[in-house]
Every structure is written in C-alpha cells, then in structure tokens.
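Here is a short note to read alongside the model. Please keep the structure open as you go through the points.

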Amino acid sequence: MKPIKKLLNVLPALLVLTLSAPATAGDNEGVGPNIPAPVKGEQCVEDTDVMRKNHMKFLMKHRDETLREGIRTKQHSLKECIECHVPAKDEAQATRSEGEHFCKSCHMYTGVKIDCFECHATVPEKSAMFHPLVTPGMKAAKEAHQPASAELLNKLAAEKNNTGAIQ
Amino acid sequence: MSESKHTDQSRRDFLSNGAKLAAGVTLAPGVMLYGVAHARPADQPASSSVRWGMLVDTNKCAKGCNACVTGCQTENGWGAAGSSDEQLSSDNQKAQWIRKVELRNTATDSVHSLPMMCQHCETAPCVDVCPTGASMKRADGIVLVDKHICIGCRYCMMACPYKARSFIHEALEDQRAHAPRGKGTVESCTFCVHKLDAGEGTTACAEACNTEGHKAIIVGDLKDPNSELSQAVSQHATTQVRADLGLNTGVRYRGI
C-alpha cells in the first residue's frame, strides 16, 4: 500500500512536468500547451518545479494576506506574475492570439476551471521596457535615487562617526 | 471580522484614547513624537492604530461638478470613464462606487451638492449580514468585499443604508491591475486602498477634487490627532449621514 500512496502523491507533479516539458523543450511542436517565454527576468521567485506544483498555494495565501490584512509583498503576488510573464499591450511581443497567455494556455490545456482572469487584469499596465530587470540603466538610476535602507543607514552612521572624530 | 452592535461606545472611546496615548512617545514635556502612519512597510499588515477617514466640505463641493466620480472611474476602471465599463447592463444596474447627490432644504430652498459613497462604517451593516464573510472590515477601518468568496447574494446591498454597493451583471475585460472586478460579485468604494497601502495617503476622488481647485475632500487618519483630517474634524461641526443608526462612519460631511 505504502509505495502506491507515495506514487499517488508525486503523480500530480509528474503529470504537470510531463505536460509542460514539450513546450519548454520546444522540439515537439504542437504537443502540449504553447507556453510563451517570460517577457523579462531569468529566474522566477521560486524554482520552476516548485512553482509548477505549488503556485496556486502561494497565490491563495498571498491573496488573503493582501486583501484582508493589507500585506503587499511582491514575491507571490499575481500582479507580479503578470508583470514578468505577459507582455504589455504596447510591446512588440503583444501581438498574440488569445490562447497564448502564460497562465491561460496551460490552464486551458489541463482543463483547470478556476479562472483568476474573470476579475484580474490579464496584461500588465506598464511596458517591461522600463523595468529594472530588463534595462540595466533603469536599475542603476533607481539605485541612485533609492539606495537600500541598510546602505543608507551605514552611510549616515559613517558620517556621524566622521563628525565625532573631527570634534 | 464583524463587531457586535451592542459594544459599549463609551468604553470603546476610552480604549481608543488609551491607544492614542500609547502610540505617542514623549520626547520632552509637551513634545510628543507620533509614529508616521503612512510609512507602513509592504510586509506589515494594516494596523488598528490607524483609522482612515474622509471629510467632505459641502460648502466647497460645486454643483454640477463630477470630477470626483470621473477620477474614481479612471483610477478603478469602472463606469463610462473606466477601462472595464459594463456594455450590456442598463444604467441603473451599472457600477456605482461614488455618485453625486443634490440635497434641497424644503424650508430654505438651499441646495447642497455632495459625493455619496461607502461611508466605511465602524459597525458596518454589510459586514453583519454577509453569509460568507466576504464583506469585511480591515484593521484600519476600510470596508471591502473579498470577491474571492463573494457568492453574489446581494444581502449587503440591501443592508447598506447609503446604497453604496453595486453588483456586476456581465463578464468584464480590461480591469485595472490594482482593482480586480468581475461578474457575479458585489463591489463598492475601496477607499483607494491600493494608494493608501502604497503610502500615497490620499484617494483618487480627493486628488481629482484638488485638481479642480475645489479642495472639498480631506483624507486622513482619524486616530492621528495631528492629521489634517483630525484637525478639521476637531475644529468644525461635522455630520455623519444617518448618524441615528450609530454606525460611526469614517466619511463625514460639513455644511449639511
């Protein structure tokens, strides 16, 4: 009984991996859902296998925290998923058919009934062109204007020490 | 989430006054440092040491001006000026987060114009009647609909004395990223919760009113004695609409 139970536990993950593997490999055209590549960034907020299996759990937890408590961290936010994985309307990659949405294409293929996008926006409002992940220049500019708080504190502390030394 | 209507208000006032005192740090005799309510980090939940509120000065609110309504529509994507307007519904079925109302005193014939929206009650009837817990009040006093668990029964619409809520009858597209809305759920003014959480400290309607130059709407923290709102509320006589219901609304009016 036990090995069978174990097998049943890993079955959903295996299934998802098998279904989406052809799309990422790109060698089996027409087999499996056509999942568009992310618009920006090289690494997702979690490992790909963790995301494939658990993204719905992350999203479910985050939505309750955000709506009911006002916690607005970005890591597991649906808005951020869309920002990275879907091109904005004014971008070059935006000329896509309805079925070529990062989330929707896989949901349609696997027959997932829950649909975030009856209510939530399907595309980001701003073009990814100005996102720090895409444009290094923007990242540098952002850092210059908004230094990390630890950095700022160290700088202030150093300045204070200097004045102390002079006196 | 709901609080009992029978809570002793005087006891509650006493407790909130105590919280106010506790929130301040005495730097020197007569000099107090209050925590800055607007700078809440993203990973911190909304705090009950803040209560968001609004004061509408009806003497400054211009008759025929609709700026607050269009400002809200553009910001949150509903109605004629919004990106996800209903196409099939009739006008009296359409979304109505905020509307302009004209009041005429029959004795003096004086006419006052004012915006009417969710009053963000402390003891909200919509929260009391909701069978699923979708209608809820955040720790900082903002009343919201959790559309994830709203079943569209519309009890809250019946319970609201201000007719502040509306129901979406059709599938929508092009919602704003920060204001999800969809078929089969009830919605109302969110007090621009996304703006407040981002630390902007104001709402789209207040911004639009200021842009028009009327400056009739003040948004702020009712629990912070130094906020512009608290100062205004303590200096002038303000009214809660249907104060007889004892709901302790977050939205107050001046001049009616």
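1. The buried residues of helix H4 in chain A pack against helix H3 (78-85) of chain A. H4 covers residues 102-110, and its buried residues are A:Phe102, A:Cys103 and A:Ser105. Buried here means that 20 or more other C-beta atoms lie within 10 Å of the residue's own; 12 or fewer makes a residue exposed, anything in between partly exposed, and C-beta atoms are placed from the backbone. Helices (H or I, at least four residues) and strands (E, at least two) are DSSP runs, numbered from the N terminus. After H4 of chain A comes A:Gly111, with a positive phi near 70°.

2. A word on the source: this is a predicted model, in which local features need pLDDT of at least 70 and side-chain atom pairs count only at pLDDT 80 or more, while totals for chains, interfaces and linings use all residues. Residues are numbered from 1 along each chain as its sequence is written, and chains are lettered from A and ligands numbered from 1 in the order in which they are written.

3. Now to chain B, which has seven helices and 11 strands. Of its 256 residues, 40% count as buried.

4. Which residues have the most contacts inside the largest nonpolar core? They are B:Val56, B:Cys68, B:Ile98, B:Val143, B:Cys205, B:Cys209 and B:Ile217, in a core of 55 residues. Helix H6 (residues 204-212) of chain B gives the most to this core, five residues. Apart from it lies another core, of nine residues, including A:Leu78, A:Cys81, A:Val86 and A:Phe102. A nonpolar core is a set of buried Ala, Val, Leu, Ile, Met, Phe, Trp, Tyr and Cys residues joined through C-beta atoms within 7 Å.

5. The two chains also meet: 15 residues of chain A are in contact (C-beta atoms, placed from the backbone, within 7 Å) with 19 residues of chain B. On the chain A side, helix H2 (residues 48-69) supplies the largest share, four residues.

6. Lastly, have a look at B:Arg176, in the loop between strand E8 (166-167) and strand E9 (186-187) of chain B. Why is B:Arg176 classed as partly exposed? Because 19 other C-beta atoms lie within 10 Å of B:Arg176. Setting aside neighbours within four places in sequence, B:Arg176 is in contact with A:Ala121, B:Asn76, B:Gly77 and B:Ser83. The C-alpha atoms of B:Arg176 and B:Gly64 are separated by 27 Å, and these residues are 112 residues apart along the chain.
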